[in-house]
Amino acid sequence: MKIENSLTLPQLPEAPSPTGLQFSVATEEDFDEIMAMSQDIYGGLDYLPTRYTTWLQESNRTVILARKQGKVIALESVCVIDDGETMLVEGLRVAPQERGKGVAGHLLRFCSQLVKSKNPEVKVTRLTRDDQLGPKDFQKYRLITKQGILLVRFRAEDLKLRLTELVPDEELNCSSSSSSSSSPQPPPPVCLDPIAIHHLYLTTDLMRGVLPNATIVQDWQPFKPLPSNMAILLKKEIDWMVNDVTTPTMASLCTFPFRVPIGDDWYYLNIDMFGKDLALARQQFLCHLRRHTASLKGHVMCQMFLDPPLWKPMADFCRQTLQVELVKEYTEQCVVESDVM
Ligand SMILES: CC(C)(COP(=O)(O)OP(=O)(O)OC[C@H]1O[C@@H](n2cnc3c(N)ncnc32)[C@H](O)[C@@H]1OP(=O)(O)O)[C@@H](O)C(=O)NCCC(=O)NCCS
């Protein structure tokens with residue numbers, strides 16, 4: 001195993017690598033080569049082009065490349081979260097012509113050794129997968145939680161008109177505190193400011209029953225509700241919503257729309273929904289959509305992650321009421337964990 005860039009990578013024991021891979025820390029200059037091998041990733045919904053520069057600047061993250069004969073053939077990012085206990089693996093990809101040869105396995109093991117050598121307190125690896133996991137995977141991983149994935153697409157301008165009819169104006173600028181209402185409809189959802197987020201997620205136990213296995217899964221990243229993680233989350237552009245600040249039963253986190261490589265003027269919207277109430281989930285979904293389609297022009301791929309039993313009725317609602325196109329049938333997002341040796 002040849003290790004490049006010894007200034008930033010600690011000296012790990014040299015081990016023979018049958019694949020002849022060289023590992024290095026990714027830099028700005030590698031961007032084009034990484035994009036060239038990422039053409040087919042996530043059906044065009046790759047977040048890496050948007051996130052790459054930020055990732056390189058994050059102090060708790062390392063982006064590692066594997067090269068073969070000098071050419072980039074794989075990437076993985078590792079991020080230390082949960083007060084230093086968890087190594088989060090993200091962005092894993094291997095160039096199409098190099099798949100099925102064990103490259104991902106080598107890279108995962110290298111990154112694990114690297115993180116452990118720099119952060120001996122790391123105990124577990126966590127990752128989020130949306131492929132079908134089999135018995136072999138569950139010998140390796142513990143399941144932390146799973147969410148159904150609902151992927152729909154629409155033109156922002158078309159949906160905007162429909163949403164104006166479906167979402168009352170008073171719900172558009174959802175208040176930062178609960179409003180009392182005498183109508184039979186549930187009161188409008190509440191948008192949380194950083195103080196309210198901090199209070200609700202960190203100083204009370206109110207979200208424990210709402211979050212799946214006490215985990216905030218935001219845009220594929222699983223976080224334990226801890227102050228150190230909240231500092232990471234609060235730096236991101238996210239809308240945080242709950243149905244009620246005193247007795248929350250439904251909560252959601254929505255990214256601001258960002259461009260994805262599927263085509264020009266294509267945006268991605270990621271909504272993580274926690275809780276089991278369909279009416280409240282629908283209400284928050286509509287509210288997020290209306291907030292973000294107000295000024296957007298172009299196509300939107302909207303991916304919502306929700307409690308599996310809510311998938312079917314939410315998919316019916318999307319097709320019949322919103323008249324948006326369902327991109328794929330039911331798939332799952334699994335957050336899994338294994339011990340770091
Ligand atoms: C998934 C992918 C990275 C696998 O790469 P590969 O080099 O063909 O995989 P390998 O030949 O090393 O064999 C699979 C190994 O990778 C692991 N693996 C496969 N898919 C994985 C995933 N999505 N996340 C983490 N590990 C994965 C397997 O558990 C196995 O590990 P093991 O050696 O400890 O048993 C590759 O097919 C790819 O780039 N796909 C497109 C991008 C993608 O879907 N990435 C996953 C993001 S969740």
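The crossing of helices α7 and α8 is right-handed, a term used where the near helix is turned clockwise from the far one by less than a right angle, with anticlockwise giving left-handed. The model is a predicted one, in which local features need pLDDT of at least 70 and side-chain atom pairs count only at pLDDT 80 or more, whereas totals for chains, interfaces and linings use all residues. Residues are numbered from 1 along each chain as its sequence is written, and side-chain values use heavy atoms, with hydrogens and water left out.

Helix α7 covers residues 194-203 and helix α8 covers residues 227-234; their axes lie 11 Å apart and the packing angle is about 150°. Axes here are lines fitted to C-alpha atoms, for helices over the stretch in contact, and angles run from 0 to 180 degrees between N-to-C directions. On the α7 side the contact (heavy atoms within 4.5 Å) is made by P194, I197, Y201 and L202, and on the α8 side by P227, M230 and L234. The residues of this contact divide into seven nonpolar, no polar and no charged. In this classification Ala, Val, Leu, Ile, Met, Phe, Trp, Tyr, Cys and Pro count as nonpolar, Asp, Glu, Lys and Arg as charged, and the others, Gly among them, as polar.

The crossing of α5 and α9 is left-handed. From α5, residues A156, L159, K160, L163, T164 and L166 meet L286, L289, R290 and T293 of α9. Six nonpolar, two polar and two charged residues make up the contact of α5 with α9.

Overall, the secondary structure of the protein comes to 10 helices and 17 strands. Helices (H or I, at least four residues) and strands (E, at least two) are DSSP runs, numbered from the N terminus. Of the 341 residues in the protein, 53% are buried, where buried means under 20% relative accessible area, exposed over 50% and partly exposed in between (1.4 Å probe, protein chains only). Among contacts with a separation of 6 or more, 69% are between residues 24 or more positions apart.

Strand β3 (residues 61-68) has seven of its eight residues buried, so it is largely enclosed by the rest of the structure. Strand β2 (residues 22-25) runs antiparallel to β3 and is joined to it by four bridges; two strands pair if DSSP finds at least two bridges between them. Q22 has R67 of β3 as its bridge partner. Strand β3 also pairs with strand β4 (residues 71-81) in the antiparallel sense, over eight bridges. In that pairing, I64 is bridged to E76 in β4. Two residues lie between β3 and β4, which form a hairpin, and Q69 in the turn has a positive phi of about 50°.

Strand β17 (residues 331-339) pairs in the antiparallel sense with strand β6 (residues 124-129) over six bridges. T128 stands opposite V335 in β17. Strand β7 (residues 142-155) likewise pairs with β17 in the antiparallel sense, over seven bridges, and Q147 stands opposite Q333 in β17.

R129 belongs to strand β6; its C-alpha atom is 5.2 Å from that of C334, although R129 and C334 are 205 residues apart in sequence. Not counting residues up to four places away in sequence, R129 touches D137, Y141, E332, Q333 and C334. T145, in strand β7, is buried, with a relative accessible area of 9%. With residues up to four places away in sequence again left out, T145 touches P212, N213, V217, Q333, C334 and V335.

F256 lies in the loop between β12 (250-255) and β13 (258-259). F256 counts as partly exposed, at 30% relative accessibility. Residues F256 and E237 are 19 residues apart along the chain, and their C-alpha atoms are separated by 6.0 Å. Beyond residues up to four places away in sequence, F256 touches E237, I238, D239, Y268, L269 and H292.
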